[in-house]
Amino acid sequence: MDDIHAPTVSSGPTSGGYTNGVPKAQLSLQELMAEKDRVEAELKALGQVLDSHGVHMNTGLTTFDGFPRSDIDVPQIRTTRARIIRLKNDYKELMSRIEQGLHEHHARLAEQAQNDSAAASQPQAGQSAPPAALEAPFAKVNSVVAGSPADDAGLRAGDTITKFGWVDWTNHERLGRVAEAVSQNEGIPITVKALRPISSGGSAEAVQMQLTPRRNWGGRGLLGCHLLPL
């Protein structure tokens, strides 16, 4: 008889084509992250379907004498398993593309920061600026909401920001560029550098973190912190 484990019922569309018809190869990093979340949610839902039948991916679907089991919905289980296998393959491809995209994203940020630093380090006629000025703080963290993206990244109230992605004291424009960087990088880690006061003295330590702006974390905004310009 036919292999009872082989799917015979259509398992539905795969995520090989993005929902709006754009192939994954042409998706932006933000769209790839959104697709990853969608695939994870569907895999979780499909896993719950198997759980509702009391089976998993390797549970036998035939009786000891080779007939389909009558106590479970064999066609639905086979369909669900087939969909899970396809989604897991798609998920591996998505993660590979996301990893590549993150490397390219950070490479662009590093190149842009290097170009900005080089431009800022060029003194005007009759003037000179010390290199340390490039790390001058331009914003202070007034508050951080518990459980927010800022809190998860390790940002603390009292920290003073010296770099927020490609934004620094030379170009933040009263923090307007910070808001721009946040909106452009939703779901994508941003490198943040800050100075943190040391309680034992008047000096401060330099800290660096990866902050990922995101919605639906349980509060307002994409960061969950309040910044004040210096």
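Analyst: Here's a walk through the salt bridges, and then the pocket.

A bit of housekeeping: this is a predicted model, so local features need pLDDT of at least 70 and side-chain atom pairs count only at pLDDT 80 or more, while totals for chains, interfaces and linings use all residues. Residues are numbered from 1 along each chain as its sequence is written, and side-chain values use heavy atoms, with hydrogens and water left out.

Take a salt bridge to be a side-chain nitrogen of Lys or Arg within 4 Å of a carboxyl oxygen of Asp or Glu. By that rule the model has 13 salt bridges.

Start with the network that links Glu 35, Arg 38, Glu 42 and Arg 83. Helices here are DSSP runs of H or I with at least four residues, strands are runs of E with at least two, and both are numbered from the N terminus. Glu 35 and Arg 38 sit three residues apart in helix H1 (residues 29-53), about one turn of the helix. Glu 42 and Arg 38 are four residues apart in helix H1, again about one turn.

For burial, under 20% relative accessible area is buried, over 50% is exposed, and in between is partly exposed (1.4 Å probe, protein chains only). Glu 35 counts as buried because its relative accessibility is 2%. Arg 38, at 28%, counts as partly exposed, and so does Glu 42, at 21%.

Now for a bridge elsewhere: Arg 196 and Asp 159 meet at 2.8 Å, N to O. This pair links distant parts of the chain, 37 residues apart: Arg 196 is in strand S3 (residues 190-197), and Asp 159 is in the loop between helix H3 (149-153) and strand S2 (160-164). Both Arg 196 and Asp 159 are buried.

On to the pocket, meaning an open set of points on a 1 Å grid over the protein atoms alone, with protein on both sides within 12 Å along at least five of seven lines; lining residues have an atom within 4 Å of a point. Volume is the space filled by probe spheres set on the points, which are joined across faces, edges and corners. The largest pocket holds about 300 Å³ of space. It has 13 lining residues, and the closest to its centre are Met 33, Asp 37, Gly 187, Pro 213 and Arg 214. Domain 1 (29-117) and domain 2 (139-229) both give residues to the lining, so the largest pocket lies between them; these bounds come from an automatic or database domain assignment.

Notes
1 Å grid on protein atoms, 1.4 Å probe; cavity = no way out; pocket = protein on both sides within 12 Å on 5 of 7 lines; lining within 4 Å.
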